[in-house]
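Please look through the model below before reading on.

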Amino acid sequence: MTPTVNQQLASMKASLERSVIPALPPEARFAQEQAGMIAATLAWLIDVQEFELRYERDEAADYHQLLCDLVTVDGADIADELWRSPLLSADSSLAEIRKQSRELKKAAIDAAIELNGRADAKLLAVAQRQSEREQAWFRMTGFTASAKPGGI
């Protein structure tokens, strides 16, 4: 059996906490702090890694829908190939989905800005959903107490 990415990360974290951190001399406070930061980062990666593809697909879908909504606003100038193109499937690579998401986001925000406030409500709704995803993404940092695990 091949270990999953989460299992590999958990193994690295456990090794760090069981073997490396206890072996650091007490006077090496900076090294202890850095090792603790690495362990915390590994814990965060374990928490969010499985949701990354879904996060990017949801973000792409939100901005694709926003583009489709903005096309109906008089005066909107949106490239046909972006809003008429289907979203990439889950079979696409994370890098491809992320690229599409960024292109859709840029086009949607640019179009909303050109509409001079006439699309603010639509843009605000998408921004609120993005904020919820980002709060879920960073919930383990302690800055977003109300976010749900994987709450994307």
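**From a side chain to the helix packing**

A polar atom of the N6 side chain lies 3.2 Å from the backbone oxygen of I46. A polar contact here is a pair of N or O atoms within 3.5 Å; within protein, one must be able to donate a hydrogen and the other to accept it, and residues adjacent in sequence count only if both atoms are side-chain atoms. The model is predicted, so local features need pLDDT of at least 70 and side-chain atom pairs count only at pLDDT 80 or more, while totals for chains, interfaces and linings use all residues. Residues are numbered from 1 along each chain as its sequence is written, and side-chain values use heavy atoms, with hydrogens and water left out.

In sequence, N6 and I46 are 40 residues apart, yet their C-alpha atoms are 5.3 Å apart in space. Leaving aside residues up to four places away in sequence, N6 touches L45, I46, Q49 and E50, where contact means heavy atoms within 4.5 Å. Is N6 buried or exposed? N6 counts as buried because its relative accessibility is 17%; the cut-offs are under 20% relative accessible area for buried and over 50% for exposed, with partly exposed in between (1.4 Å probe, protein chains only).

N6 belongs to helix 1, which spans residues 5-23. Helices (H or I, at least four residues) and strands (E, at least two) are DSSP runs, numbered from the N terminus. The axis of helix 1 comes within 9 Å of the axis of helix 2 (residues 29-48), and the two cross at roughly 160°. Axes are lines fitted to C-alpha atoms, for helices over the stretch in contact, and angles run from 0 to 180 degrees between N-to-C directions. Helix 1 is therefore roughly antiparallel to helix 2, given that angles under 35 degrees count as roughly parallel, over 145 as roughly antiparallel, 65 to 115 as roughly perpendicular and the rest as oblique. On the helix 1 side, the contact includes N6, L9 and L16, and on the helix 2 side it includes A35, L42 and I46.

A second side chain leads to another part of the chain. H64 lies in helix 3 (residues 52-71) and, with a relative accessibility of 13%, counts as buried. A polar atom of the H64 side chain is 2.8 Å from the backbone oxygen of S85.

Helix 3 packs against helix 5 (residues 94-114) at an angle of about 30°, with the axes 8 Å apart. These two helices are therefore roughly parallel to each other.

How does helix 6 (residues 120-137) pack with helix 3, and at what angle? The angle is about 175° and the axes are 10 Å apart, so helix 3 and helix 6 are roughly antiparallel to each other. Residues making this contact include Y55, Y63 and L66 of helix 3, together with L123, V126 and W137 of helix 6.

Some totals complete the picture. The chain has 6 helices and 0 strands. Buried residues are 30% of its 152 residues. Of the contacts in the chain with a separation of 6 or more, 64% are between residues 24 or more positions apart.
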